[in-house]
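I opened the file to see how the chain is put together. These are my entries, in the order in which I looked things up.

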Amino acid sequence: MSTHPPSEREGRIYRFSRTERLVHRTTGWLMLLCAAAAACLYVAPLAQLVGRRHLVVIVHEYSGTLLPLPSLLGLASPAFRADLRRLNRFAVYDKTWMLSVRKGLTWPAARPAGKFNAGQKIYAGWIAGAVLIMMFTGLLMWFTRVLPVLPRSSAIFVHDFLALAIGVVLIGHMRLAYRDPEARRGMRTGFVRRAWARGEHSKWAEENYPDELNPPGDPGSTRSLTSLLRARARR
């Protein structure tokens, strides 16, 4: 029996709690603020347009330092902790998902996924590690006497190089989100369409919402859906 709250919208199932959505939104805004401030510091035309360099430096430093805070506060939520565990574990079918992406296979059965697909897990792990390194090198640049053994020039090089990599990855992340309005709706409202969940995150949908995916009167069944997916996967 599902422990999730029932859907408040016809044809939709519950995906993200309010805490999870708030953590994602707050982290996203802090990331954009930090990146915008960095751009105003490093891109000459923007620096001239905005001015107030000291204020921009303060915004960049504090928005970057606060980046982990929403996730740390989110740890008080059981739903958020459960999703962190999901993001930290690779299932057998995640390898199938990655192979399908590599081969260009796009139909749902070729890309089995839990609540998060393999790409989202890799992205979450990479961005978490990158943020920690950015914080460490940024603090070294901010407080130069903390670790005098490490030259400031080395911290600046790592910080700037990783900033460019994060910028490219973030653009890719936003591009994928733009192409999937249902995923954005799920992060905005907490609910997603049954058909979308069945196609994009079939393992999670089958495991947690078998009744919602096949309501009374639906000619399909969870068992037949599972058999269909397995049959397609073997092709």
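**Entry 1: overall count.** I note here that the model is predicted. The chain has 235 residues, and 31% of them count as buried. I also looked up the accessible surface, which comes to about 15,200 Å², with 64% of that area belonging to carbon and sulfur atoms. For the contacts between residues at least 6 apart in sequence, I read that 64% join residues at least 24 apart.

**Entry 2: helix H3.** I checked the length of H3, residues 53–65, first. Its 13 residues should span 18 Å at 1.5 Å a residue, and the C-alpha atoms at its ends are 18 Å apart, so the two agree. Which residues of H3 are buried? I list Val56, His60, Ser63 and Gly64. Looking down the axis of H3, I see these buried residues within an arc of 100°, so they line one face of the helix. As a reminder to myself, an α-helix has 3.6 residues a turn, so residues three or four places apart point the same way. Then I looked for the cover over the buried residues of H3, which includes helix H1 (18–42), helix H2 (44–50), helix H7 (118–142) and helix H8 (152–178).

**Entry 3: helix H5.** I repeated the exercise for H5, residues 78–87, where Phe80, Ala82 and Asp83 are buried. Down the axis of H5 the buried residues fall within an arc of 160°, so they too line one face of their helix. I find H1 and helix H4 (69–74) included in what covers them.

**Entry 4: nonpolar patch.** I searched the surface for nonpolar side chains and found a patch made of Ile58, Tyr62, Leu66, Leu69, Leu72, Leu73, Leu75 and Leu84. Together they have about 720 Å² of accessible area. H3 and H4 are the elements that give two or more residues to this patch. Which element gives the largest share? I find that H4 does, with three residues. Leu66, a member of the patch, sits in the loop between H3 and H4. I get a relative accessible area of 41% for Leu66, so this residue is partly exposed.

**Entry 5: salt bridges.** I count seven salt bridges in the structure. Side chains of opposite charge can pair when their charged atoms come close.

- Arg12 and Glu182 meet through their side chains at 2.8 Å, N to O. Arg12 is in strand S1 (residues 12–14) and Glu182 in helix H9 (residues 181–189), so this pair ties together parts 170 residues apart in sequence. Both Arg12 and Glu182 are buried.
- Glu20 pairs with Lys115, with 3.9 Å between the closest N and O atoms. Glu20 is in H1 and Lys115 in the loop between H6 and H7, so the parts tied together are 95 residues apart in sequence. Glu20 and Lys115 are both buried.
- Asp94 pairs with Lys121, with 2.7 Å between the closest N and O atoms. Asp94 belongs to H6 and Lys121 to H7, so the pair ties together parts 27 residues apart in sequence. I find both Asp94 and Lys121 buried.

I also noted a network of salt bridges that links Arg12, Glu182, Arg185 and Arg193.

**Entry 6: Asp94.** I went back to Asp94 for its surroundings. Its relative accessibility is 0%, and buried means under 20%, so Asp94 counts as buried. From C-alpha to C-alpha, Asp94 and Lys121 are 9.4 Å apart in space. Not counting residues up to four places away in sequence, Asp94 touches Arg89, Phe116, Asn117, Ala118 and Lys121.

**Entry 7: Arg111.** Where is Arg111? I place Arg111 in the loop between helix H6 (92–103) and H7. Its relative accessible area is 23%, so Arg111 is partly exposed. Arg111 and Met98 are 13 residues apart in sequence, and their C-alpha atoms are 7.8 Å apart in space. Leaving aside neighbours within four places in sequence, I find Arg111 in contact with Trp97, Ser100, Val101, Leu105, Thr106 and Glu200.

Key. Residues numbered from 1 in each chain as written. Predicted model: local features only at pLDDT ≥ 70, side-chain atom pairs only at ≥ 80, totals over all residues. Heavy atoms only, no water. Helix = DSSP H or I, 4+ residues; strand = E, 2+ residues; numbered from the N terminus. Expected span 1.5 Å × (residues − 1). Buried < 20%, exposed > 50% of the residue type's maximum accessible area, 1.4 Å probe, protein only. Arc of directions from axis to C-beta. Contact = heavy atoms within 4.5 Å. Patch = residues over 30% accessible without salt bridge, like charges linked within 9 Å, V, L, I, M, F, W, Y side chains within 5 Å. Areas by Shrake-Rupley, 256 points an atom, 1.4 Å probe, with all protein chains shown as cover. Salt bridge = Lys/Arg side-chain N within 4 Å of Asp/Glu carboxyl O.
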